[in-house]
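Here is the note you asked for on this model. Please read it with the sequence and the structure open beside you.

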2 protein chains.
Amino acid sequence: MPRTTDGDGTPVPQRLLAAATRLFAEQGYDRTSVQEIVEAAGVTKGALYHYFGSKDDLLHEVYARVLRLQQERLDAFADSDDPVESRVREAAADVVVTTIENLDDASIFFRSMHQLSPEKNKQVRAERRRYHERFRALIEEGQRTGVFTKETPADLVVDYHFGSIHHLSTWYRPDGPLSPQEVADHLADLLLRALRP
Amino acid sequence: MPRTTDGDGTPVPQRLLAAATRLFAEQGYDRTSVQEIVEAAGVTKGALYHYFGSKDDLLHEVYARVLRLQQERLDAFADSDDPVESRVREAAADVVVTTIENLDDASIFFRSMHQLSPEKNKQVRAERRRYHERFRALIEEGQRTGVFTKETPADLVVDYHFGSIHHLSTWYRPDGPLSPQEVADHLADLLLRALRP
DNA sequence: TCGTACATACCGACTGGTTAGTCTGGTGCC
DNA sequence: GGCACCAGACTAACCAGTCGGTATGTACGA
C-alpha cells in the first residue's frame with residue numbers, strides 16, 4: 001500500500017481539502033464537523049491532524065488557493081499591453097468566470113472569512129487588499145487618461161464591481177439560462193458602461 | 001415589578017432581539033451562544049424561551065424586520081409618479097442608506113441566511129424574491145420605454161446592484177471618508193450610468 | 001542479504017469542554 | 001386561584017483536538 005494515496009489515486013491531503021471545500025460551502029464552516037470531513041474523504045481524524053494543524057488550517061488553505069489563483073490572473077491581465085479599457089474589461093470578466101467555475105470556494109470565501117482565527121484573518125485581508133489595490137490602480141489609470149469618468153472614486157468602483165462578484169454565489173445556478181462567459185460579459189459591460197465619461 | 005420591562009424601560013423581547021442582533025453581527029450566528037444573548041439582555045434562558053421558540057426564531061425575527069422595512073421603502077418609491085429614471089435612482093440610493101444605517105442587520109442578513117431552518121429559509125427567500133421582482137419591474141419599465149439600455153437582462157442588473165448592497169457590510173466603515181448619503185449617491189450614479197442607452 | 005533503526009502515514013478510542021433546549025418552581029398581578 | 005412572566009439547575013448530545021499504537025517503507029552496516 002502506497003503512502004499518500006489510497007482507494008482512488010488522489011493523495012490524502014487533497015482529498016481532505018476537496019471534501020472540506022464542498023462541506024464548508026454546503027453547510028458552512030461552523031456546522032461542518034471534523035468527523036464529517038474525514039468520513040467524506042474516507043480517512044480518520046489521525047490523517048487529518050497529521051497533515052493539517054487544525055480545522056482552521058483547512059479553511060485557511062481554501063483561502064490561500066483562491067487568493068493565489070485570482071491574484072495571478074489579475075496580474076496577467078493588468079500587465080498586458082492592451083489599452084486600459086480592454087485590460088479592465090478582460091480582468092473584470094475573467095474574475096467572474098473563475099469565480100463561477102469555483103463557486104464553492106467563492107461562497108466559502110465570502111461567508112466564512114470572519115471565522116478564521118484573528119491572525120489568519122489579518123493575513124487574508126492583507127492579500128485581499130493587494131488584489132483590490134491592483135484593480136483600483138487600473139481604474140485610476142483609466143481616469144487619469146480620460147478614458148473613464150472621474151465622477152466616482154476608484155475605490156468605490158472596485159467595491160461596486162466586487163459586490164457583484166461576491167453576490168454571484170447567492171444567485172448563480174449552473175443550470176440557469178446564462179453561461180459563465182455570458183454573465184461575465186454582461187457584468188463587464190455594466191462596469192464599462194458605468195465608467196464611460 | 002412590572003411584567004415586560006425591567007432595569008431600563010424597554011420590554012424584554014426587544015432587549016433580547018437587540019442583544020441578539022448585535023452579537024450575531026459581531027460573532028456570527030453559530031458562534032453566539034444563547035447564554036451570551038440572555039446575559040447581554042440581562043435576563044435568563046427562561047425569559048428567552050418564554051418569548052421565542054428557539055434560537056432560530058430569534059434569527060428569523062431579525063430577517064422579518066429587515067425585509068418588512070426594505071419592502072415598505074421600495075414600494076413607496078416605486079409607487080410614486082416621478083419618471084422611471086428618478087424612481088430607480090431614488091430607490092437604489094435609499095436601499096443603500098437604510099442598509100448602512102442598519103449595518104448589523106445587513107451583515108446578519110447576508111451572512112447567516114443559510115443557517116436558518118429550511119422552512120424559514122424558504123420563507124425568507126420568497127419574500128426576498130418579491131423584493132427583487134419589484135425592483136426588476138422598475139428596470140424593465142425603463143427598458144421598455146427606452147430610457148434604459150436593453151443590452152443587459154433586467155434580472156442581471158438587479159443582481160449587479162444588490163451585489164454592491166450585499167458587499168457594503170464588508171467594506172463600509174462609519175468613520176470612513178464618505179457619509180451614507182454620499183455612498184448612496186455614488187452607487188446610484190454607477191447604476192444609472194450603466195443603464196444609459 | 002539480512003537485520004536494525006528510524007521516519008512517515010495513519011487509526012480510533014478518549015477527554016474536557018460547550019451547547020440548545022427542558023423543567024420545576026417561584027413571584028406578583030388580576 | 002389562576003395566569004403571565006421569569007429564574008436557573010439540569011440533561012443529552014456533540015465536537016475539536018490528543019495520544020498511544022500499528023503498519024509500511026527506507027537507509028545502512030555487517
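Predicted model: local features only at pLDDT ≥ 70, side-chain atom pairs only at ≥ 80, totals over all residues.

1. Between the two chains, the contact draws 33 residues from chain B and 33 residues from chain A. Together chain B and chain A bury about 3,400 Å², and carbon and sulfur atoms account for 56% of that area.

2. As for polar contacts, 16 residue pairs are counted between chain B and chain A, with both residues at pLDDT 80 or more.

3. On the side of chain B that touches chain A, the elements that give two or more residues are helix H8 (154-171) and helix H9 (180-195) of chain B. H8(B) gives the most to this side, contributing 12 residues. Sorted by class, the side of chain B that touches chain A holds 14 nonpolar, 11 polar and eight charged residues.

4. Turning to the inside of one chain, chain A is divided into domain 1, covering 12-51, and domain 2, covering 55-195. The centres of domain 1 of chain A and domain 2 of chain A, taken over C-alpha atoms, are separated by 27 Å. Their contact takes 13 residues from domain 1 of chain A and 14 residues from domain 2 of chain A.

5. The area buried between domain 1 of chain A and domain 2 of chain A is about 1,300 Å², with carbon and sulfur atoms giving 65% of it. The count of salt bridges between domain 1 of chain A and domain 2 of chain A is zero, whereas the rule does find five residue pairs in polar contact across this interface, both residues being at pLDDT 80 or more.

6. Which helices supply at least two residues each to the side of domain 1 of chain A that touches domain 2 of chain A? They are helix H1 (12-27), helix H2 (34-41) and helix H3 (45-51) of chain A. The largest share of that side, six residues, comes from H1(A). By class, the residues of the side of domain 1 of chain A that touches domain 2 of chain A divide into nine nonpolar, two polar and two charged.

Key: Residues numbered from 1 in each chain as written. Chains lettered and ligands numbered in written order. Heavy atoms only, no water. Contact = heavy atoms within 4.5 Å. Buried area = accessible area lost by both parts, 1.4 Å probe. Polar contact = N/O pair within 3.5 Å; in protein donor to acceptor, adjacent residues only side chain to side chain. Helix = DSSP H or I, 4+ residues; strand = E, 2+ residues; numbered from the N terminus. Nonpolar A, V, L, I, M, F, W, Y, C, P; charged D, E, K, R; others polar. Domains from an automatic or database assignment. Salt bridge = Lys/Arg side-chain N within 4 Å of Asp/Glu carboxyl O.
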